[in-house]
Amino acid sequence: MEFSIKALAPESARGCAVLGVFGAGAGRELTAPARRIDQKAKGAITRALHDLPAKTGATLLLRGLPGITAERVLLVSLGERAEFGEAAFRDAVRGAAGALKELGARDAALYLADVRVARRHLSWNVRHAVLGLREAFYRFDQMKTQKKAPAPTLENVVLPLSPGAELQAALKEAVATADGVDLARTLGNLPPNVCTPAYLAAEAQKLARQFKLGIEVLERRDMEKLGMGALLAVTRASHQPPKLIVLRYAGGARSRRPIVLVGKGITFDTGGISLKSAGEMDEMKFDMSGAGSVLGALRALAGMRAPVNAIGVIPTCENMPGGAATRPGDIVTTLSGQTVEILNTDAEGRLILCDALTYAARFNPEAVVDIATLTGACVIALGHVASGLWANEQKLADELRAAADDAWDRVWQMPLWEDYQEQLRSNFADFANIGGRPAGSVTAASFLARFTKKLRWAHLDIAGTAWKSGREKGSTGRPVPLLVRFAMRHAGRK
Ligand code: BES
Ligand code: MN
Ligand code: ZN
């Protein structure tokens, strides 16, 4: 799918012209490009309007209108003008994308791109138009022998805007972000017998070659030498060798300290000896989504040559039961030197992350953000809408929240008060790896906070947002858009 930004009169568009219409019933109001085509086509749009449902994102296809070059015109409801905002813009793009997919259109001119959203620059429109279309056209069928109908091809999309450096930069960012989202989605969707720790490491190697990134992969013996007792405790019963992947992208000034992204890479989480129940256990293949989002974000930043320094740190292994498995009650020494009593082997994410966070300090980071499908409790708290956000510095939390709103990849901040630390008390070690049922996502974050005291650090719990269950089961690619926007805003790109 190729995107271009160019001034293009609606009557000269090729393929399918996508036009917005505000309001309902008698209060219908054509956007300027729709009005223009209506004039050229002698009122054909006005006459068809009552067949266009008023619901935002609803569409109506018209064919063979006189006086214009496009063979097709797709009308899209934008809802009431007074209520038009970010959500409506995105619904409209999604509606249009669905219709274009069904049509099998090859060329489209998306006049929706031009409909202004309050308080947002046109760059915002460009980013969300591209990401909305790319999301709708994503497919994952590499494990099926019978591919469905040949993939519908939308080859060329014109965003009819007057070109300028800022919009071109937004387009470049959006396409690179979409590539990163696709990568994260595909890694998440791959089955756990394919997407192993070694597979993630090979994928990182591929990115390193393609985009000239620095890479190091630590093996089990390296972890043993360093003393990563927590990570090693999780991987003990697995036949898949663990990896700690370090991927570096240096696009910013040498003097700038890097942003370090740490992604949980449990390629399958059985719970270990604290075995999970069978229902929906297959979904624990998505437990490497944090890792996938770090690879996706780095791919995006490198792909657009973003002016930032970013390092991905990915601890990855499986959490399996077995004769060699870690037992509830085992005490391990973490890389930080602190000891942890493992009371529940299913609270493994924090164990691999704590060693990776300690390791991350060696890169002298400007900020560290970890991304993890960490707790079921976070899903109970925030559902599938917002990722949980914790931070030990409010400015960093504010930057992440602003980036998340901008990317519509939203987060909600949760507390990191000392009061919760008490729940992690242990009679036998420095502290335990679980804090009981109350505020389960907060005590998980509080555990990590004990390893990040010297860092500007934030934690994103993406357990509710990284994938969808049910009929639509599949990876979402979140929070790649947030991470990319965070890095770009950090570099001063509004
Ligand atoms: N990967 C899971 C978290 C998870 C569970 C994400 C369900 C999405 C849906 C994590 O490793 C886990 O098992 N967490 C436990 C922690 C508990 C033992 C303190 C949980 O949430 O139940
Ligand atoms: Mn678990
Ligand atoms: Zn897990």
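Predicted model: local features only at pLDDT ≥ 70, side-chain atom pairs only at ≥ 80, totals over all residues.
Figure 1. A backbone N or O atom of Gly-376 is placed 2.7 Å from an oxygen atom of ligand 1. The side chain of Lys-276 also approaches the ligand, with one of its N or O atoms 2.8 Å from an oxygen atom of ligand 1. At Thr-373, a polar backbone atom is 3.3 Å from a nitrogen atom of ligand 1. In total, 16 residues surround ligand 1. The closest of these residues are Lys-276, Asp-287, Asp-346, Glu-348 and Gly-376.

**Figure 2. Packing of helix α5 against helix α9.** Helix α5 comprises residues 165-189, and its axis is 8 Å from that of α9. The two helices pack at an angle of about 155°, so α5 and α9 are roughly antiparallel to each other. The crossing of α5 past α9 is right-handed. On the α5 side, the contact is made by Ala-176, Thr-177, Asp-179, Gly-180, Leu-183, Ala-184 and Leu-187. The α9 side contributes Gly-292, Ser-293, Leu-295, Gly-296, Arg-299, Ala-300 and Gly-303. Among the residues of this contact between α5 and α9, six are nonpolar, six are polar and two are charged.

**Figure 3. Packing of helix α9 against helix α14.** Helix α9 spans residues 289-303 and helix α14 spans residues 480-490. Their axes are 9 Å apart, and the packing angle is about 45°. At this angle, α9 is therefore oblique to α14. The crossing of α9 and α14 is right-handed. Eight nonpolar and two polar residues form the contact of α9 with α14, and no charged residue takes part. From α9 come Ser-293, Gly-296, Ala-297, Ala-300 and Leu-301. These residues meet Val-480, Leu-483, Val-484, Ala-487 and Met-488 of α14.

**Figure 4. The cis peptide bond at Pro-479.** The bond in this view runs from Arg-478 to Pro-479. Its omega angle is near 0°, and the bond is cis. Pro-479 is located in the loop between β21 (474-475) and α14, the helix formed by residues 480-490.

**Figure 5. Packing of helix α3 against helix α4.** Helix α3 consists of residues 86-103, and helix α4 of residues 122-137. The axes of α3 and α4 come within 9 Å and cross at roughly 40°; the two helices are therefore oblique to each other. In passing α4, helix α3 makes a right-handed crossing. The residues of α3 in this contact are Glu-86, Phe-89, Arg-90, Val-93, Ala-97, Leu-100 and Lys-101. In α4, they meet Trp-124, Asn-125, His-128, Ala-129, Gly-132, Leu-133, Ala-136 and Phe-137. The contact of α3 with α4 involves nine nonpolar, three polar and three charged residues.

Figure 6. Arg-119 belongs to the loop between β6 (107-110) and α4, the helix formed by residues 122-137.

Methods: Residues numbered from 1 in each chain as written. Chains lettered and ligands numbered in written order. Heavy atoms only, no water. Axes fitted to C-alpha atoms, helices over the stretch in contact; angles between N-to-C directions. Helix = DSSP H or I, 4+ residues; strand = E, 2+ residues; numbered from the N terminus. Parallel < 35°, antiparallel > 145°, perpendicular 65-115°, else oblique. Left-handed = near helix turned anticlockwise from the far one by under 90°. Contact = heavy atoms within 4.5 Å. Nonpolar A, V, L, I, M, F, W, Y, C, P; charged D, E, K, R; others polar. Near = heavy atom within 4 Å. Polar contact = N/O pair within 3.5 Å; in protein donor to acceptor, adjacent residues only side chain to side chain.
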